[in-house]
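I opened a new structure today and kept notes.

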Amino acid sequence: MTQASDDGSALDRARGAAGRGAWAEAYAAYLEAREADGLGPAELADFAGVAYAAGHLDVAIETWERLHADLARLGEDNGAAGAAVRVAMHLLFDTALMAPVRGWLRRAERLLDPAEVTGAHAWFAVVRAFERLLSGDLDAARTWAARAVEAGTATDPAAAAIGRVAQARLVILGGDVERGLGLLDDAGTAAMSGDLDALSTGVVYCELVCALQGLAQYDLAEQWTEAMERWARTNAVGSLHGRCRVHRAEIMRLRGRHANAEQQVLLACEELRPYVRRELGWPLTELGRIRLRRGDLTGAEDALLAAHRLGWDPEPGLSLVRLAGGDVDAAAAAIREALARPLPVPSKELPPTSGLRRAPLLDAQVRIAVAGGDLETARIAARELDEVAVRFESTALAASACRARGEVLLAGGDAAAASESFAEAALAWSEVGAPYETAECRLRLADAQQALGNRRAEALEREAARTELERIAHEPAAEASQPATAERTTVEQTTAGRTTPERATVEPAAIEPAAIEPDTFVREGDHWKVVLDGRRVSVRDSKGMHHLARLLAAPGREFHVLDLVAADSDDPAVAAVLLGAGDAGPLLDDRAKQAYRRRLAEIEEDIEEAGAGHDTARQEQAALERDFLIGELARAVGLGGRDRHAGAASERARAAVTQAVRKAIGRLRDASPPLGDHLDRTIRTGTYCAYAPDPRFPSPWAT
């Protein structure tokens with residue numbers, strides 16, 4: 001009697017907390033009820049939803065797997081099929097592993113009665129449509145999207161709405177952009193109606209923005225991103241907050257707000273980490289693009305290589321980093337390989353086997369080929385890019401194609417025609433609202449004017465472009481709702497242990513007019529006086545300021561983070577505790593390792609089935625997914641099967657120093673944006689930290 005009463009109390013508390021959106025509290029209460037064997041099929045389904053909302057994706061999937069097995073044993077085929085479809089849906093939208101998705105869809109299909117039309121049938125069609133879309137089989141995807149809309153209209157409006165997004169995307173990929181955009185608007189209207197559940201609403205928003213980003217319809221993407229953000233503030237669950245941040249970062253990058261964009265994408269990595277693994281490659285590639293624009297080639301390369309290690313396609317970003325670093329041959333080889341043998345990564349923004357997937361690669365190839373003197377390759381790539389732009393009726397794609405045409409014309413000696421193309425491209429990018437791209441085109445227009453001997457026109461264009469680029473480079477980052485605790489070296493953290501960012505508080509920093517003074521970084525009581533290039537600011541004392549002072553006092557010297565932490569403590573006993581033994585636990589816990597092994601078994605089954613059907617593309621995709629999971633397990637498990645642990649003393653110190661230094665730089669940026677940007681460029685954090693002086697400010701700091 002007591003046990004039943006306790007169980008009932010736990011369920012009541014779980015339901016009450018879920019009703020308030022207190023997901024952690026609801027999750028704990030459901031766990032308590034589950035331990036008492038008090039969860040029937042309906043309660044298990046509710047628990048799966050709460051586990052997802054609370055950040056426990058593996059538990060959510062396991063719960064749906066258990067419900068599938070329980071209902072199958074009871075002979076409730078439709079319910080068991082519905083649970084299998086839910087497993088497939090989470091795997092599709094949160095892991096980007098297509099082979100396990102196909103395995104769970106096969107289980108569901110065996111249980112669904114083809115003569116009936118139920119909610120399970122509708123959701124099966126939704127997941128199958130997206131699986132086919134993201135695998136490049138557009139014809140099959142169209143058939144399943146139509147079924148999803150039809151079955152969903154009769155049984156479940158949420159399934160119908162998501163099916164319409166898939167249908168709209170396929171119409172666009174087929175070349176009917178105007179009709180596809182109309183269908184996307186219809187799907188977005190359904191999301192805004194408030195009639196769909198939170199998860200389905202977020203999926204509609206996210207897929208809609210992905211479609212518009214992939215099409216380079218940035219104005220529409222921005223409008224729907226803003227709508228998604230307004231909704232997400234109070235309604236988003238699971239990975240949707242983080243996905244919304246990535247979309248916002250993409251828009252900020254386009255608008256030239258690079259510091260804000262980097263801040264947002266780093267926060268997105270933190271928020272997405274409990275939900276996605278392989279798909280962390282998406283925000284990491286965005287991080288690489290942002291850092292490349294900021295001139296941070298090392299940071300860009302770190303982000304893109306981390307994305308690649310997760311099984312994501314880092315191109316064309318990695319090739320452009322090679323080009324910016326002066327290695328034209330490596331850039332040319334990499335972009336040529338990316339176009340000839342693209343990785344079958346299931347990007348939601350740029351589905352495979354489409355011109356939209358090739359467009360950014362072609363744009364990069366033109367730039368790289370021109371730099372390497374390979375005019376014929378550049379000409380072919382520019383021609384194909386122009387065809388893609390015409391097919392998809394996008395101003396941004398047209399601007400990209402126009403610039404590419406100008407590059408080929410200028411390299412071929414036709415400066416007059418190149419000048420017209422660059423001017424047209426600059427105007428188009430300006431209409432899109434992309435100041436960085438506009439400035440790039442104006443610089444190339446200046447080069448064309450120089451070749452024509454028009455010195456005055458050249459000077460005007462070059463000055464306008466450089467002024468805009470300088471403005472973009474020094475635009476300060478607005479304070480985010482949470483601090484960006486990750487930075488260049490925390491790219492690896494996005495694929496390792498987890499940290500909980502501390503909310504930053506920015507104290508007021510007084511800006512004082514200053515006479516010409518030497519560059520200074522000195523403590524005065526509970527504040528620090530900092531002078532750079534004759535501009536003085538004052539900020540409150542903090543650990544990060546102490547670390548910065550040590551780095552600035554020894555230009556070029558590398559400090560291990562353990563030395564910085566120990567030096568900042570006056571009490572040797574405290575320093576010993578900070579540097580003491582212990583760690584943050586295994587990189588993958590037992591549950592995660594078991595889940596990975598289940599997914600590996602499902603992938604092997606998919607590879608065998610693909611081989612029997614002579615489906616080489618499917619085999620290749622599944623093999624890449626297998627390699628990714630095997631690599632994850634190998635990284636987490638050392639010799640003899642022992643767990644590798646994250647967060648030992650140096651790792652904890654690295655995270656603490658990084659957070660403190662970045663927070664201090666953020667405060668300094670609030671006081672003086674140029675100062676913050678200078679320190680961002682010259683302070684390197686990681687296991688070893690250093691100050692690399694900027695040649696523009698060669699004099700040593702007074703510390």
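I looked up strand S2 (residues 520–524) and strand S3 (residues 527–532), and they pair in the antiparallel sense over five bridges. Strands here are DSSP runs of E, at least two residues, and helices are runs of H or I, at least four, numbered from the N terminus. Two strands pair if DSSP finds at least two bridges between them.

I noted that this is a predicted model: local features need pLDDT of at least 70, side-chain atom pairs count only at pLDDT 80 or more, and totals for chains, interfaces and linings use all residues. Residues are numbered from 1 along each chain as its sequence is written, and side-chain values use heavy atoms, without hydrogens and water.

Which residue of S3 stands opposite Glu524? I found His527 there. Two residues lie between the strands of this hairpin, and Gly525 takes a positive phi near 70 degrees.

**The open sheet**

Next I traced three strands in an open sheet, ordered S5-S7-S6, with antiparallel pairing. Strand S5 (559–560) and strand S6 (683–684) are the edge strands, each pairing on one side only. S6 pairs with strand S7 (residues 688–691) over two bridges. I found Ala690 in S7 as the bridge partner of Arg684.

**Cysteines**

I counted zero disulfides, a disulfide being a pair of cysteine sulfur atoms within 2.5 Å. For Cys206, the nearest cysteine sulfur is that of Cys210, 4.4 Å away. Cys206 is buried, at 4% relative accessible area; buried means under 20%, exposed over 50%, partly exposed in between (1.4 Å probe, protein chains only).
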